[in-house]
Amino acid sequence: NFDEALQLVGGSNNAYTTNDLTCYYCTLPAVNIETAFWLESDRMLSLAFTPKSLEVQRSVVIEEFKEHYLNAPYGDLYHLIHALNYKVHPYRWPTIGKNLQQIEQATMEDVRAFFAAHYYPANAILVLSGGISTEQVRTLCDKWFAPIPSPAKFLRNLPQEPTRKEYVREEVEREVPTSLLYMSFQMPGRRHKDYVLYDMLTDVLSLGRGGRLNAELVRKQGLFSSVDASVDGTIETGLISISGMVMDGVSIEEAEEGVWKELARLSEISEKELLRIQNLYETDALYQEIRTSRRAELLAEYELYGDASAVNRRVEERANVTTEMLETCAKTTFTHENCHSLHYRAK
């Protein structure tokens, strides 16, 4: 029993999966760190596959799918967005599955084959953060992970999503309280040198009360009750998106037109705006590093992107960005032919 063994030494654990990775993490007193090594190495070496455990987990995932994606307001939103924005890349499937049938039809052979393809030391990034030395870590790694065999590393050969050439709009009607607008623009993946520019543009648009979309479209014009801009941060070709809850009495078309006008205004970004988002990011980065768990998570993410040490340069990287760089990025990104728009109408 994985949980019980950790709890007996004052620890806890959890896991999550994104489009690009699966992360398992344990939190426990440093003096008991070897318990985590023992448990994680055992899981990697010989996960216990039984028909009962498979059916239990299948039932859990099916119920999660029903609760969050079938029976909740806006539950199908991200399924629609994935399908709208990706035609050939596997990102068109949400991590939980496209539908219930994909979960129901997964066999023991499917699960075993997936585990064998991905779960071994050569395909893993291990990060420890806390009161433990590098020498201790190396000793424990040699003891618990070195004996685990690694097959030839699984090489992903994914089809690349083609460059967009025309504006696409999809409309759906659902029993929801408020209509929603979701506009997505294609952008490079997380490892691209210009990724930081796209991320900073979303800060100009929606970071805090000073964000342009909030100031203009929510408080001044009253087109949205809430609006946000975000990047998904995927390793492969990703999305920079703008989404908002449309105010009653405002059409989605009118709300979208308001967004386009604000995007056009990104041709002029002031030094004051740039300094605001740089300062806010630096403050957030400092607070993030207070938590041991977040430090470990950041190191793992940046190593996955190609260089763990780059985490130490992320504040400096943004400090070197100019208004001209952001304006150029906005001009080439926020075009009609690069936009896929979802009008999620309330019945």
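Predicted model: local features only at pLDDT ≥ 70, side-chain atom pairs only at ≥ 80, totals over all residues.
Okay, so, salt bridges. The structure holds 18 of them, and I'll go through a few.

Let's start with Glu273 and Arg212: they form a salt bridge, with the closest N and O atoms 2.7 Å apart. This one ties together distant parts of the chain, since Glu273 sits in helix α11 (residues 271–288) and Arg212 in helix α9 (residues 212–220), 61 residues apart. Both Glu273 and Arg212 are buried.

Which end is buried and which is exposed? Lys220 has a relative accessible area of 63%, so it counts as exposed, while Glu216 comes in at 18%, and that makes it buried.

Now, Arg212 and Glu216 turn up again with Glu262. Skipping its neighbours within four places in sequence, Glu262 is in contact with Arg212, Leu213, Glu216 and Leu217.

Over in helix α12 (residues 292–305), Arg294 and Glu297 are three residues apart, about one helical turn. They form a salt bridge too, with the closest N and O atoms at 2.8 Å. Arg294 is buried at 14% relative accessible area; Glu297, at 28%, is partly exposed.

Last one: Arg169, Glu171, Glu253 and Arg345 are linked in a network of salt bridges. That's it from me.

How values were computed:
Residues numbered from 1 in each chain as written. Heavy atoms only, no water. Contact = heavy atoms within 4.5 Å. Salt bridge = Lys/Arg side-chain N within 4 Å of Asp/Glu carboxyl O. Helix = DSSP H or I, 4+ residues; strand = E, 2+ residues; numbered from the N terminus. Buried < 20%, exposed > 50% of the residue type's maximum accessible area, 1.4 Å probe, protein only.
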